[in-house]
Amino acid sequence: MRAWGERRARARVLLLDAAPGGLLDRELVRLLGHGLDVTLNLRRISDPADTRARWAGRVDLVDIDLFDERATTAELVRDGRGYDAVKSRAGAPLRAGLLAAATDPALAHPLRVIGRAGAGTDHVDLAAAARHGVAVTHTPGSNADAVAEFALAQLLALTRDLAAHNDNAHQGRWGAPTVPPPQLGELTLGIVGLGRIGHALAARAGALGMDVQYFSRSPVPTTIRRADSLHDLLSTSDVVSLHLPLTEGTRGLIDFSALASMRRGAVLLNTARGGIVDEQALADALRDPAHPLAAAAVDTFAHEHAAFASPLFGAPGALLTPHVAGVTRTAMAEAAIRCADHMAALLTGRPEGVPVVTPAPRRDVPHA
């Protein structure tokens, strides 16, 4: 066991959820290589006994429910020691009360940095973090290719009705579609939010012959056609894919009115964030045979993990997946290593080139 004086001098980092499988070792080696004092949460690790045997003595080990803010807060202030940095992958909630407790100057290591191995930071109260002087960093673009590939898989699954054909075949039923589906070259893809993921999806869809257009609050330097408004994009696209952050301006963006404006037979893809789509409105649309929307693929929900619940359960034409669009070996390794490097840089006063998220003023995405 390391001496208390040595441990006090080194920045302490709590990994609420480490990279899975063999990537865990790479992440821990990277953090330790930066000279950080690491505590690993075992709760979401598939083989905690093996991990404990291999890493005990090199890192500290705890077992807490990262989605229980009281449990996380208790760990962050335990014995008055604190942690200089916290890293999350799955989006554990880090809200105002937790941040106030974790930044108490009476702690030996008050919180200074939050790292997210991924792009989204809507799980963090950014305003509270700013008030308490906590820098929030993330890894934008680390999973762009993975999410774009997944959205393309959603698109193909829905436009070719693969789930229904699979169900029929498993039940011994043989039959061709009553109405032949279109090929991709006949379809227009509308992308809402043309960031890294949107660009990656546009390139793949264009290579397959799709006509691609986009809409975002501000024009983006690109050769892709920009729709005049969200309404214009929704009403002229056969497939609509969402690639926006969840903000006060985008929450509920795809509501009853937006869904009603979609082209007949269109499909909706959401690999962005739960909350951007009104799930009840979407479920109602899918259950209404007269509604223009034909199907939807949803990978992100307003309530996830242990709280997973949605009005979309059982809705016809709904392809539901548990927030796995960005989960590939390459993407997760990239995110974990970059996040480790970003946290180390911020903790040692080297912020150059490190992406830091600040609370943005409320700006609405034009709805029409």
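Author: One definition to begin with: buried means under 20% relative accessible area, exposed over 50%, and partly exposed in between (1.4 Å probe, protein chains only). This is a predicted model, where local features need pLDDT of at least 70 and side-chain atom pairs count only at pLDDT 80 or more, while totals for chains, interfaces and linings use all residues. Residues are numbered from 1 along each chain as its sequence is written, and side-chain values use heavy atoms, with hydrogens and water left out.

Reader: Is G133 buried or exposed?
Author: G133 counts as exposed, because its relative accessibility is 55%.

Reader: Where does G133 lie?
Author: In the loop between helix 6 (126–131) and strand 6. Helices (H or I, at least four residues) and strands (E, at least two) are DSSP runs, numbered from the N terminus. G133 and L99 are 34 residues apart in sequence, with 9.9 Å between their C-alpha atoms.

Reader: And strand 6, which way does it run with strand 5?
Author: Strand 5 (113–116) and strand 6 (135–137) run parallel, joined by 3 bridges. Two strands pair if DSSP finds at least two bridges between them. G115 stands opposite T137 of strand 6.

Reader: What is the strand order in the open sheet?
Author: The order is 3-2-1-4-5-6-14, 7 strands with mixed pairing. Strand 3 (60–62) and strand 14 (356–357) each have a single partner strand, so one side of each is left without a neighbour in the sheet.

Reader: Changing topic. Which residues touch the most other members of the largest nonpolar core?
Author: L242, L259, L268 and L282, out of 31 residues in that core. Helix 12 (279–286) and strand 10 (239–242) are among the elements giving two or more residues to this core. Helix 12 gives the most, 5 residues. A nonpolar core here is a set of buried Ala, Val, Leu, Ile, Met, Phe, Trp, Tyr and Cys residues joined through side-chain atoms within 4.5 Å.

Reader: What does L242 touch?
Author: Leaving aside residues up to four places away in sequence, L242 touches V192, I254, L268, L269, N270, T271, A272, I276 and V277. Contact means heavy atoms within 4.5 Å.

Reader: How do the residues lining the second largest pocket divide?
Author: Into 15 nonpolar, 3 polar and 2 charged. Ala, Val, Leu, Ile, Met, Phe, Trp, Tyr, Cys and Pro count as nonpolar, Asp, Glu, Lys and Arg as charged, and the others, Gly among them, as polar. Helix 7 gives the largest share of that lining, 3 residues.
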